[in-house]
Each structure stands twice: as C-alpha cells, then as structure tokens.
Amino acid sequence: MALTPISGLPKLEQPVGVLKGVGPAKETALAKLGVERIGDLVRLWPRAYQNRGDTKTLLEVADRLRNGETGPFSTVLTMSSEPQTRYIRRGMVITKARAFDETGSAEITWFNQPYIAQRVHTGETYRFFGRFAWEYGRVQINSPITEAWREDLPLPAIVPVYPVTQGLKQRFLADLIAEAIRYAGDELTESLPTDALEEMRLPSYGFTVRAIHRPASVSEMETARQRLVFEELYFMFLSMALSGAASRQASGPLKLTDTDLSDFNAALPFTLTGAQARSIREIVADMAGERLMNRILTGDVGSGKTVVAAAAMYAAVKNGFRAVLMAPTEILAAQHAEDLTKLFGALGVKCALLTGSTKKKDRTAILDGLRDEGDIRIVVGTHALLTVDVLIDRLGLAVIDEQHRFGVHQRAALFEKAKNVHSLVMSATPIPRTLTLAAYGMIDVSKIDELPAGRQKIDTFIVNESYRERLNNFIRRQAAEGHQVYVVCPAVEESEKASDTDADEMADLPLVDAMPEENAPMKSAVQHADELAAALPELNVGFVHGKLKSSEKDRVMTEFAAGHLDVLVSTTVIEVGVNVPNATLMIVENAERFGLSQLHQLRGRVGRGTAKSYFILVSDTKNPDAQDRLRAVKSTTDGFEIAEYDLELRGPGDFFNETGAIRQHGQMNFRLAAACRDPHVIERASYYARRTAEEDPGMTSPANAPAARRLASFTWRTEKTQN
Ligand code: ADP
Ligand code: MG
C-alpha cells in the first residue's frame with residue numbers, strides 16, 4: 001500500500017513511501033541509508049558496478065584461471081543436471097549442479113541457497129557471475145549470481161552495486177530506483193549551464209541519472225560519472241561563491257584598527273606556542289586588511305585551535321563588533337561556551353550559548369543581548385544559530401569549528417546570515433575539498449604545526465581480537481594510575497549489522513575497485529558495554545550513544561569529564577572536540593568500520609594532558625583496503641597527510657561510502673568531487689560557478705531555478721550531521 005503523494009510537493013520531494021512496495025519497514029531501512037525522499041533515491045549513487053555482460057566461454061575462463069586470474073567472470077551455460085541439495089550440518093546447505101557450453105562443462109555450487117533447486121532446471125540456460133576456480137581439472141563456480149538467460153530479453157550488462165544495509169537487497173534497490181526515476185523523470189531538470197556541458201562534453205542530468213543507475217556500457221557509466229563529478233564541483237564552488245565567503249569582497253564593516261592583544265595573552269593560563277602566535281598574527285592581519293578574511297585554521301587535534309579563534313573573536317570585540325562560533329554538536333558547543341566564558345570573564349566580555357535545547361526564556365534573553373543595545377559580545381552555538389530569528393547586530397567574525405562535520409550548505413547558511421563578515425573555519429582534518437580550494441586560492445590557510453609544550457606523542461597500535469585479555473589489563477592499569485579510558489564502537493544495537501550479504505549477493509564483486517563488504521562480526525556498543533562492565537567489575541563503566549536523549553548524553557559526558565567514570569563506552573558521539581585531558585587511552589573496536597579522518601579525530605580525544613597516551617585500533621579485518629587505512633592512521637598524526645591518504649585510498653573508484661559500512665548522513669555530498677584530481681575539471685567548474693554567482697548573485701533568474709533548488713535541497717540534512 002503506497003502513501004498518497006503530498007499535494008503541492010514536487011515529486012522529488014515526496015517521501016519514498018509513495019512508491020509501490022515501500023511500506024513502513026522498507027521506509028525505515030531506506031532512512032538508514034539516508035534515503036527519505038524520491039530525490040534521495042534518485043541520487044543514491046552506486047558504490048561500484050559488476051560487469052556481468054563480459055561473458056566468456058568456459059574454455060577462456062579455464063585458460064585465465066590457469067594463468068592465475070581470479071575473476072570475477074561471467075559465463076552463459078546450460079544446465080546438464082538438476083541441482084542436488086544436501087544438508088551438510090546445521091545451518092549449512094549445499095546445492096550442486098553441472099552446466100556446459102560449447103567449449104566445456106563446469107560444476108556449480110551454491111551455499112545456503114536451497115531455493116535455487118526450484119529455480120534452476122536441466123536444459124535451461126543461465127548467466128553465472130562470480131568467482132570461479134580451477135579445481136580437479138575443471139571449472140568450479142561457487143555461489144554465482146544466477147540469472148535466467150533469454151535471447152529475446154537481454155540481461156543488463158553492467159549492474160550497479162548499492163551501499164546496502166538493513167535487509168535491502170541490491171535487486172530491490174535497483175528496481176526501486178528505476179521506479180523512482182520513472183515516477184519523477186520529468187523533474188530531472190538540468191541545473192548546469194549549457195555551455196559548461198558543451199565545453200566539457202558532459203551529458204544532461206536526465207541521461208546521467210539513468211545511465212549511472214543502469215549504464216548500457218562501461219563508457220556510458222564513465223561519462224555519467226564525469227558529469228556527476230563536475231556537477232558536485234560546480235555546486236561546491238557555487239555555494240562558496242554565493243556565500244560571499246569566497247568572493248573576497250573589498251571590505252566588510254569590520255576592519256581592525258586596534259590590534260593589540262596583550263591583555264588577551266595576559267589572561268591566558270598558558271603561553272601560546274609559536275605556531276599559535278603566528279596563526280593569530282595572520283588572522284589579525286587579515287581582519288585589519290582591505291579584504292574580508294576567508295581563512296581555514298588547521299592543526300592536529302589538541303594543537304590548540306580554540307584559543308586562536310578566541311583571540312580572533314577578542315580582536316573583533318575589542319573593535320566594537322560581535323563574534324559567533326558555531327560547533328557541530330551540542331556537547332562541543334557547550335564545552336566551548338564554558339571555556340570561553342572562563343577566559344572572557346576575566347576580560348570583561350560577555351559570552352552566551354545558544355543551541356536547540358536552550359530554554360525559551362533564556363533564548364529570548366540571548367537574542368535581546370545580541371541586538372544593538374545588548375551586552376552579549378560572543379555567542380557560541382550549534383546550527384540553532386542559523387534559525388531566522390537569530391539576528392546578530394554588528395557581527396564582525398564568524399568562526400566554524402570542526403568544519404568537516406558541516407555540509408557546505410550549512411556553512412553557506414551561516415555565511416548567508418553573516419554576510420560581509422570575516423570567516424574563520426577550524427579543522428583538524430581538512431576535507432580534501434579544502435585542499436582543492438586552497439590550491440585555487442579561494443581560501444587562506446593557517447597551520448598550527450606544533451603541539452603545546454609538555455605533550456607527548458600518542459602511540460598508536462593495531463591489534464586483533466587475540467589481544468582482548470591484554471587490552472582489559474591495560475584498561476585496568478590506566479585506571480589504577482588514575483587515568484580514564486574511551487572505548488569506541490561503531491554501532492549501537494545488535495541489529496545494526498552493517499553488511500547483509502544475502503544469498504543472492506554472495507558473489508557481489510565490484511568491477512570498479514570498491515571495497516569488499518566486511519563480513520566480520522561487528523561488536524555492538526550495547527553488547528560491548530555490558531561485556532566490559534562484566535570484565536572490569538571494579539571499574540565504573542559509562543555508556544553514551546547517539547540514540548540517547550541529549551540531556552542523558554550530557555549527563556554521562558559530564559560524569560566522565562568530572563572523573564567519576566573510569567571507562568566511557570561510546571559510539572562516535574565523542575568524536576568531535578571533547579576535552580578530557582585525564583583520558584589517556586582510547587580503544588576503537590571494529591576499527592575497520594571507521595573512516596580515516598574519523599579515526600584521526602577520535603585519536604585527538606587522548607593525549608590532551610601531559611601523561612603518555614595510547615590509541616589502540618582493534619580489528620580482525622582481512623580487507624587490504626581497511627588494513628591500509630589503519631596503517632595510515634598509525635603512520636602519521638598530521639591532518640593534512642591524513643586527508644591526502646584519505647583521497648588516495650578512497651580513490652575515484654569508490655563511490656561515497658568510505659567504509660562500506662558506517663554511513664555518515666549528510667556527509668555524502670561532494671564525495672565524488674573530493675575524488676577529482678583533474679585540475680582542468682576543477683578549474684572549469686570553478687570558472688562556471690563563479691560566473692553564475694556573478695551574473696545572478698541571488699539565484700533568481702528562471703534559468704537558474706533548478707540550480708537554486710539543488711542548492712536548497714541540501715540544507716534539510718542539517719539534523720543528520722550528528723550521530
Ligand atoms: P584543538 O586544536 O583540537 O581544538 P583545543 O583548542 O581543544 O585543541 O586545545 C586542546 C587543549 O590544549 C585545551 O585543553 C587547551 O586549553 C590546551 N592548550 C591550548 N593551547 C595551549 C598552550 N599553548 N599551552 C598549553 N595548553 C594549551
Ligand atoms: Mg577543537
């Protein structure tokens with residue numbers, strides 16, 4: 001039973017439930033993929049493809065196998081026997097059959113697919129795709145994807161592989177996407193400039209969407225992908241250009257005249273590092289200069305970016321302006337507010353915290369305090385700051401922390417709100433697009449390449465399950481020394497198994513080099529918290545995850561920060577910015593499930609005090625890509641290097657999903673663009689975007705309506721950037 005479409009809403013905006021076959025259960029499963037609307041479905045790009053159309057005779061396959069090739073291969077064979085099913089032992093069923101073509105015969109084995117016996121029959125012809133082997137002097141085919149072959153009804157040659165979870169099958173997704181494209185096909189309007197498409201020889205949006213999901217050939221798929229890369233780059237540059245942040249206006253209202261920060265420095269409980277002092281000088285020079293500042297402040301986690309931002313904010317305040325600091329989570333915003341209130345209290349500057357959970361009465365008072373006559377000079381908050389009724393008079397500086405956690409469009413929304421203000425973004429892991437922007441001179445970079453004195457290098461180890469007992473002992477030892485421990489798990493509940501290679505997809509082997517699915521059992525955070533508490537009865541173990549109410553989350557975090565908990569088990573809610581200098585050990589379970597930059601961020605939670613700290617990655621993965629990723633984390637602590645690795649390891653072949661498992665909602669935007677390393681393509685995208693922004697800064701012309709819609713459609717993900 002399909003939902004009735006919501007009237008007045010474009011088809012692309014309709015909930016997926018309007019399609020046949022999407023009930024509440026499927027809707028929930030799709031939502032876990034970040035798919036809620038028809039448009040999400042249309043833009044759920046495959047992460048890889050299988051080239052099932054490149055069929056070979058058994059003789060050819062045999063030759064290749066004997067030459068050491070492993071496939072995957074595709075053959076068209078006719079069955080010479082009925083499949084025979086045997087029950088080997090509990091939970092293990094084997095179905096075997098023989099098949100042949102004009103060059104030879106092969107043995108086919110399906111594991112745990114007893115129903116295959118009803119579907120495959122002697123004398124019928126099928127296409128088999130999967131891993132083949134050369135054994136006992138003949139071709140053996142194991143659990144192939146088996147499709148009925150009919151001369152009159154050709155099977156698709158290139159088959160997309162979607163990032164599947166939660167019991168959604170590849171076939172189901174492919175069919176559903178086809179259905180979505182049929183449903184909303186007339187809304188797949190072009191959003192790129194015609195001359196850009198011509199110059200770059202790129203296909204239309206409608207063609208691209210159809211071809212990316214059901215390419216007729218490898219070259220068609222490639223063409224479609226090139227278009228998507230260009231499109232993402234174009235929108236990335238366009239949002240930058242429109243935000244005003246990148247447009248380098250000649251001047252804004254705030255141009256520092258008083259650049260003396262000696263009272264600020266005197267109020268600090270420590271001496272700035274050389275790199276911090278240099279960054280502050282660069283920022284002050286920007287803000288005193290002829291153009292608006294558009295700068296990114298990078299520095300490894302724990303290098304002390306916050307105080308640099310505080311100096312910049314103080315400079316703005318000292319010159320009669322206000323400053324805003326936006327953080328991606330409530331926990332982080334609260335922590336910043338607390339630190340800044342302490343620091344600025346001594347300097348007589350009033351700060352406020354504004355988040356989604358600020359009480360209405362407080363909120364009203366804060367909003368008043370931010371008007372012309374108000375006394376609040378600095379406001380810290382989450383994306384709640386982007387709400388329309390938040391009006392900040394005499395705003396001179398906008399700072400965004402952990403910028404990689406925000407989508408471009410959220411940042412654009414902030415800059416929209418703060419037009420003509422200096423902007424400073426902070427990140428430990430500059431996302432590759434920032435590298436790109438830096439390369440094109442659209443943004444300046446300050447780098448803190450020195451840790452505060454007294455810090456020790458964090459030691460990173462990669463261990464497997466066999467170290468479990470030793471790990472527990474290590475936790476005990478850290479606790480006995482009065483230190484605290486983070487344990488991070490990838491998922492919340494048992495049911496959140498990330499990979500669900502159902503029988504139909506056992507030969508799910510990509511053509512494009514995507515990462516194979518991980519099949520290792522995954523530790524659920526809930527289960528792990530229980531196990532740890534049982535193994536370490538003498539310690540206080542707390543548990544925090546994204547599904548808790550934020551008040552509950554805050555309570556546990558506060559307890560941990562206050563030292564009442566020895567161990568904090570969590571999902572990645574602690575990823576960002578949390579500062580507990582007494583924590584000296586972090587253990588990451590199923591580390592293969594995390595992205596590179598995520599791991600880098602996590603590591604930054606320890607080593608914030610003077611005691612030696614450790615970062616231990618627990619993984620049994622056999623996946624070479626995942627192993628590379630873990631080794632990369634071990635080999636460097638430099639955020640720029642990590643970002644480069646990320647790009648390298650992910651490569652252009654891997655669509656969107658960095659681990660094949662944990663999907664970070666709202667972060668899927670611009671994945672393709674991030675993989676683009678062709679300077680010409682980047683340059684052209686930037687040229688056309690800037691031209692559009694110059695010609696139509698309000699994006700109001702009818703020709704730009706589709707582009708304006710595309711830009712707007714990203715912001716709804718706001719709530720989802722947190723997990
Ligand atoms: P990040 O760069 O990861 O945002 P923070 O700004 O949170 O790092 O700083 C990490 C910790 O280091 C904080 O507790 C901060 O007070 C401290 N810190 C920052 N600069 C210095 C310094 N120059 N000397 C000593 N401690 C510092
Ligand atoms: Mg920080």
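Two strands are taken to pair if DSSP finds at least two bridges between them, and helices (H or I, at least four residues) and strands (E, at least two) are DSSP runs numbered from the N terminus. The model is predicted, so that local features need pLDDT of at least 70 and side-chain atom pairs count only at pLDDT 80 or more, whereas totals for chains, interfaces and linings use all residues. Residues are numbered from 1 along each chain as its sequence is written, chains are lettered from A and ligands numbered from 1 in the order in which they are written, and side-chain values use heavy atoms, with hydrogens and water left out.

In β23, Tyr-614 is the bridge partner of Asp-459, and β23 pairs with strand β18 (residues 459-463) in the parallel sense over five bridges. Strand β22 (residues 583-588) also runs parallel to β23, to which four bridges join it, and here Val-588 stands opposite Leu-617. From β22 the chain crosses through helix α19 (residues 596-603) to β23 in a right-handed β-α-β crossover, the path from the first strand over the helix to the second running clockwise with the strands pointing away from the viewer.

Five of the five residues of β23 (residues 614-618) are buried, that is, under 20% relative accessible area with a 1.4 Å probe and protein chains only. Tyr-614, Ile-616 and Val-618 point one way, and Phe-615 and Leu-617 the other. Helix α19 is largely enclosed by the rest of the structure, because eight of its eight residues are buried.

These strands belong to an open sheet of six, ordered β18-β23-β22-β19-β21-β20 with parallel pairing, in which β18 and β20 (541-544) are the edge strands.

How values were computed:
Buried means under 20% relative accessible area, exposed over 50%, partly exposed in between (1.4 Å probe, protein chains only).
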